[in-house]
Amino acid sequence: SPVLYAVGTSYKVSNYFITKFNFSKNFRIPTFNDLYWQQGGNPDLLPESAYQFETVNEFKLKHFSFTITGFYNKIKDLISWKPNNSQLWQPVNTDRVLTYGVETGLLYDQKIKTNHHLKIMVNYGYTISENEDTGNRLIYVPQHKLTSGVAYNYKKMTIYSNYLFNGAVYTSFDNAYFLKEYNVVNLGVDYQILREVTLGFQINNIWNEHYMVMLQRPFPGRNYTVNFNFNL
């Protein structure tokens, strides 16, 4: 392992605003599975090294909080699992990779009177991740990704919903093929029967979206889940 270092600072501008800055050099050696996983391992992998920069701004006001993060990563010999010509997934090194973008998060969390609690969350990420030698985007890395959720709790019952938008992703190194974007919405309800026992019901993929996260691996359409949780 080479000499590694990290520098970080945080400054409270006001009671509502905090800004942070981080810079580091990182190093990662291949794992045992990366090297020797049967039918997929690559014993010729090189260690991965990177310079990472991040700046974070946090805003808080009563029940609201908003965070915006900018990042810039310069990576050498990136280790990532990808399908080869035989469609067998194995780890490979990508010589020079540049990743940068912005992530934002919004949270609203409030207890209304005694028995009511409302929570709303929205996160959005914009990411560019490309091979510096070819100029092509890395596979399976969406440029746009949005997740959100809302939960309402009244006494022993909680109703919640979450939404995911995943942008189109490339599936080939030359960026000739891609999977289209998809939207998925789930809805569920939990009821606390006893202090230790919760019964839940969830409708997944309400819109019956036809989508794939990976090539030739379709996810199910609308489906239903019943769960019973017992916590000691």
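Predicted model: local features only at pLDDT ≥ 70, side-chain atom pairs only at ≥ 80, totals over all residues.
Lysine 76 has a relative accessible area of 41% and is therefore partly exposed.

The side chain of lysine 76 meets that of aspartate 95 in a salt bridge, with a distance of 3.3 Å from N to O. Because lysine 76 lies in strand E4 (residues 64–83) and aspartate 95 in strand E5 (residues 89–112), the pair ties together parts that are 19 residues apart in sequence. Aspartate 95, at 34% relative accessibility, counts as partly exposed. As a general point, side chains of opposite charge can pair when their charged atoms come close.

Across the whole structure, a search finds five salt bridges, among them two that join strands E2 and E3. One of these is formed by the side chains of lysine 20 and glutamate 58, at 3.3 Å from N to O; it links distant parts of the chain, with lysine 20 in strand E2 (residues 17–28) and glutamate 58 in strand E3 (residues 48–61), 38 residues apart. Lysine 20 counts as partly exposed at 29% relative accessibility, whereas glutamate 58, at 19%, counts as buried because the limit for that class is under 20%.

Arginine 28 forms another salt bridge, with glutamate 48, and the closest N and O atoms of this pair are 3.2 Å apart. Here too distant parts of the chain are linked, since arginine 28 belongs to strand E2 and glutamate 48 to strand E3, 20 residues apart. Arginine 28 is partly exposed, with 34% relative accessibility, while glutamate 48 is buried at 12%.

| Lysine 20 | Glutamate 58 | 3.3 Å |

The strands named so far, E2, E3, E4 and E5, belong to an open sheet of eleven strands, whose order is E1-E2-E3-E4-E5-E6-E7-E8-E11-E12-E15 and whose pairing is antiparallel. Strand E1 (6–14) and strand E15 (223–230) stand at the edges with a single partner strand each, so that one side of each is left without a neighbour in the sheet. From one strand to the next, the twist averages 15°.

At the E15 end of this order, strand E12 (residues 197–204) is joined to E15 by eight bridges, and the two strands run antiparallel. Within this pairing, threonine 198 has asparagine 229 of E15 as its bridge partner, and glutamine 202 stands opposite threonine 225, also in E15. Strand E12 pairs as well with strand E11 (residues 182–192), in the antiparallel sense and over six bridges, with leucine 187 standing opposite isoleucine 203 in E12. Strands E11 and E12 form a hairpin, and four residues lie between them.

Leaving aside residues up to four places away in sequence, threonine 171 touches Ile139, Tyr140, Tyr177, Phe178, Leu179 and Leu215.

Conventions: Residues numbered from 1 in each chain as written. Heavy atoms only, no water. Pairing = 2+ DSSP bridges. Axes fitted to C-alpha atoms, helices over the stretch in contact; angles between N-to-C directions. Salt bridge = Lys/Arg side-chain N within 4 Å of Asp/Glu carboxyl O. Buried < 20%, exposed > 50% of the residue type's maximum accessible area, 1.4 Å probe, protein only. Contact = heavy atoms within 4.5 Å.
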